[in-house]
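Here is a short report on salt bridges. Look at the sequence and the 3D view before reading on.

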Amino acid sequence: MHRLLILPTLLGATYAVHAQQLPTTASGETTRENETRRETQAADRKSLNGALSADMPGLNEILVAADPLDAQIQSLPAAYIRSSARSDLAEALSVIPSVRVAESASSSRQQGDIKPAEFSIRGAAPYQNRFVLDGASVDNLIDPAQTERADNYALVAGHSQGQFIDTRFLQNIEVSDTNISAREGGFTGGVVKAETRAYAGTNEAHVSYRGTSDSLTNLHIDKTQEREFESAAAQMPNGVPGEFQPDFRKSEFTLDGATRVGDIGIFAGYSEKRSTITQKQLLTLDPDNFLETGQLYTPSENRTLDNKSRYGVVRMDLLDRDYELNASLSYTNFDKDSFLINYLDSDFVGGHEGMNLSVNYGNYIGATRVDVNFNAGQTSDEHDYDRHTLTQYKSTSIFDGGIIGGLGDLENQQRKLGGSLTFTTPINDIWTTDYGAEIAYLDYEQHRDQDFVAEDYRLDYSQTPLPDPIGPGSYAPATNTRAAWRPTAPAISPFRIPTAPCSASWPPTAAGFSAVPGCGSNATACWKTPTPRRA
């Protein structure tokens, strides 16, 4: 606590003093002039102060007190929580100046997305914030900043929030961004504390449904991206999920209510969000299309992708007691269909799942407030590709089917168990002191049900003549169409050297390929043995 004591003062004249070296004379005239000037100035000040003292009333003593260590807490009660668009924490907290929401939440390119948007507090990364629901930490600590990419052999896309909370089921949100208490450990950004709605003394029930689509939305797209956006095909980069969502439909259903059963107040809520997005996965190099439309690539047929997000919560409060006792159980589940751009047969489902149990007790022992929390939870992120083998033909352009397959199935799982005990004791009307203890157990695991294999095939350039190229540096059967590059046979074994004649199948053992002119009698004359990499 810093105190500033302000005493009554009087106005006075202020003089600027300039120092300069003056020449001295034998007669001492300069010295006498300076002394006379100083005496005149002193008399003027005394006269002015006397006049002001006679005309001005006396001023009372003012004490200004402030505590610069108080946490800067922004509180949003239920009436001020925004949920008109996405019903997630990012939308609710977007009204707070220190919160910056990710661009994707408002981007016209991704309006079909229903996954909660990420946000930062005071410029920190989203995963540097701490998220608390009903007194329990719901941070997702395993690769929360990771995104889905083709080179993520042993990584899974994550999210900073362990629970995808529907903000319509909250009665209060608190955001602390500066001068945060030391007991709020495990973060470098800000702290977000959310509290689930509780029974408020009356029975109530609500049902809502809303939906929208691209035809009901006015999208603003940069002119340099209009053609790619309209075709729903992002040309670059390859090996990542599609970004553009010009065709989408999404809906949201919510059911919640509160009632009393005996001495127990119950609140329950369930929400389900669905979206259907149309995108194009593959691009084909097409010079003729460039002459007609100005686009060098021709996109493939439309792909329909389904997304679903569910959140449910139940809270029970013991009523009519001198103490507080409540428990809440929440569950979230998110599934998203996707693919990797220009990777054949790279379809996968990305998922997030979380469950959190929190029990809270609060009571007063004299003037001291005692709060006890017990919590347990589990969070997981996963991707499940249709194929467990990723095959790359190094001498074939990616636009000609040079990469086939996916990354298999992989799951990151986090389990937690914890509790806290906090005492809050007032010292005087201004000061309080908090002290207590916290214990937490965390367990992280990664699961893969089946081995993933990455294999490369390289064209043997020592053979003569080489197969006919279909483009600069790209070798494939000249008679093939794009559809013929969809393999129908099982994935190539990474350790088996193909023995079939090259004219019968190219690449080795993959069905749907035409003959390759100029090959020898054995496939090994055309292609080197694949180099397997296990993850």
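## Glu-184: a buried residue

This is a predicted model. Start with Glu-184, which has a relative accessible area of 9%. That value is under 20%, so Glu-184 counts as buried.

Glu-184 forms a salt bridge with Lys-193. The N to O distance between their side chains is 2.4 Å. How exposed is Lys-193? Its relative accessible area is 27%, so Lys-193 is classed as partly exposed.

Salt bridges with shared partners tie four residues into one network: Arg-130, Glu-184, Lys-193 and Glu-438.

Take the pair Glu-184 and Arg-130. Their side chains meet in a salt bridge, with 2.6 Å from N to O. The two residues sit 54 residues apart, so to speak in distant parts of the chain. Glu-184 lies in the loop between strand S8 (170-178) and strand S9 (191-196). Arg-130 belongs to strand S6, which covers residues 130-133. Both Glu-184 and Arg-130 are buried.

Which residue does Glu-252 pair with in a salt bridge? The partner is Arg-168, and the closest N and O atoms are 2.1 Å apart.

This pair also links distant parts of the chain, 84 residues apart. Glu-252 is in strand S11, residues 247-261. Arg-168 is in the loop between strand S7 (136-137) and S8. Glu-252 is buried, and Arg-168 is buried too.

## The overall count

How many salt bridges does the structure hold? The total is 26. Among them are the Glu-184 to Arg-130 bridge and the Glu-252 to Arg-168 bridge.

Notes: Residues numbered from 1 in each chain as written. Predicted model: local features only at pLDDT ≥ 70, side-chain atom pairs only at ≥ 80, totals over all residues. Heavy atoms only, no water. Helix = DSSP H or I, 4+ residues; strand = E, 2+ residues; numbered from the N terminus. Buried < 20%, exposed > 50% of the residue type's maximum accessible area, 1.4 Å probe, protein only.
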